[in-house]
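Subject: Structure handover

Dear colleague,

Here is the model we talked about passing on. My notes on cavities and aromatic contacts follow below it.

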Amino acid sequence: MIGSRLLTEIDDRTSYGYDGSFGQYIPDCVAQVMSTEEVQRIMEIADQHEIPVCARGASTSLSGGPLPVHGGIVLDFSQWDTKLEIYPDDLIMKVSPGVRTGDIHELAEAHNLMYPPDPSSSSICTIGGNLAENAGGPRGVKYGVTKDFVIGLEIVTADGKVLRTGGSTVKNVTGYDLTKLIVGSEGTLAVITEATLRLIPKPSDTRTAMIIFEDLYTAGKSISKILTSGVRPSKMEILDHNAINKVEDYAGLDLPREAAAIILVEVDGDPDVLVKELRIVEKALSEIGVENVQVASDKEEEARLWQVRKLVSPAVVSSGYTKISEDATVPLSRIPDMFRKIDEIKKKYDLNIVVFGHAGDGNLHPTINTNMRDPEEVERVEQAVEEIFNYAIELGGTLSGEHGIGTMKKAFLVREMGEEGVEFQKAIKRALDPKNILNPGKIFPEKGEKRLVLRND
């Protein structure tokens, strides 16, 4: 059935033991699956012998989602990119799980359509991983996240049954919404083998502005001001002082080094309307004393501004130290409070923290450069991240906006959801996976877990 695509040598298995987060766990074998029938047969065997199964795409996960923490079988979907079919008249696309998200964008745009979810790793991440983690991206402020554009799935259950959820129509209220239950479940409820995605007409144009701030409080206040002005930006990204200077050191883009923060705002739609919308934004900001708004004069300048945002991660890792990118999300009105708290935490623990993220939906990425060979520093990092998560929850926010829970954040789940909320979710898990073979060790905390998982020693 699989033949040479069944990997059992230690060298091969070791390469499947890590992702974009931390820790390494070696699977017992790896199956590079290429069909629903192969997945179905493997799940039947796994169910019979109670073998853990972890689905894996391009391993860009920042939460430990595809790590085989209990060994078992890794299902590698990265080669299964054979189905990439578009139905432009129906505004849908059907894809196999190994298709890269960037290829979905490219095909949609070739038909003057758009698939809005745009995680920063879209050039290499797979749609299967996006579905598992309910990935987002900069366009989430206007269009939403992955679950908002999935209308149907083909899945294989824990005991090897194949079924379909949803369908090919945008409106579907038949029974429970199993599609949305599976999307974002991090491979713990079923294995996704095909997805039907919803597309929208591609906006005819975009315009971008960079807003420069002298203090973080005003930057945070400006976010709500823009979003209540009557304009709905398609993107709205924020970089703090440290992030700006990291990018400037890395790429020399003539950024305002003295700024406390910058916000990049994109509007999309009819070209004539966009000019008016940016004027509305400028007027709204002037009411709170913000005047430094620089509108890109052409597409080249617009691309340069968005390059600033794309270069944050590579700029952060250019130091040679490990980048720990977190994902706390808070209500829009509490963004200034979150910035203040992170600045306090940075000083308290003497850490190099930069903050950037999706300002329009409150999804911030506090990112820490740390030397993983320094146990004392790692301890301070764990304490700092714990404080960040606790404060996000205190503000009415959440542990994750788009990275998922995985292994990294499960110790904090009870703090956000409460014991009853976690038990309710566990009941769903037990009902659909009674033998706990689908991606075990994820989402739900195990006894004694209290911290962010940076090591598995």
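How many cavities of 30 Å³ or more does the structure hold? This is a predicted model, and it holds one such cavity. The volume of the largest cavity is about 40 Å³. Its lining is made up of Gly-20, Ser-21, Phe-22, Leu-62, Lys-323, Ile-324, Ser-325, Glu-326 and Met-408. By residue type, that lining of the largest cavity divides into four nonpolar, three polar and two charged residues.

Next, the aromatic rings. There are three aromatic pairs in the structure. One of them joins Phe-77 and Trp-80; the pair is stacked, with 6.0 Å centre to centre and 15 degrees between the planes. Phe-77 and Trp-80 are both buried.

Another pair is formed by Phe-389 and Phe-412, and it counts as edge-to-face because the planes stand at 70 degrees, with the ring centres 5.0 Å apart. Phe-389 belongs to helix α13 (residues 375-394), whereas Phe-412 is in the loop between α13 and α14 (413-432), so this pair ties together parts that are 23 residues apart in sequence. Phe-389 has a relative accessibility of 1% and therefore counts as buried. Phe-412 is buried as well, at a relative accessible area of 0%.

Two lysines are placed over rings. The charged end of Lys-235 sits over the ring of Trp-306, at 4.8 Å from its centre. Lys-341 lies over the face of Tyr-391, 5.3 Å from the ring centre.

Regards

Technical notes:
Residues are numbered from 1 along each chain as its sequence is written. This is a predicted model: local features need pLDDT of at least 70, side-chain atom pairs count only at pLDDT 80 or more; totals for chains, interfaces and linings use all residues. Side-chain values use heavy atoms; hydrogens and water are left out. Rings of Phe, Tyr and Trp (its six-membered ring) pair if their centres lie within 6.5 Å; planes under 30 degrees apart count as stacked, over 60 as edge-to-face and the rest as tilted. Buried means under 20% relative accessible area, exposed over 50%, partly exposed in between (1.4 Å probe, protein chains only). Helices (H or I, at least four residues) and strands (E, at least two) are DSSP runs, numbered from the N terminus. A charge sits over a ring if NZ of Lys or CZ of Arg is within 6 Å of the ring centre and within 35 degrees of the ring normal. On a 1 Å grid over the protein atoms alone, a cavity is a set of points where a 1.4 Å probe fits but cannot get out, and a pocket is an open set with protein on both sides within 12 Å along at least five of seven lines; lining residues have an atom within 4 Å of a point. Grid points are joined across faces, edges and corners, and a volume is the space filled by probe spheres set on the points. Ala, Val, Leu, Ile, Met, Phe, Trp, Tyr, Cys and Pro count as nonpolar, Asp, Glu, Lys and Arg as charged, and the others, Gly among them, as polar.
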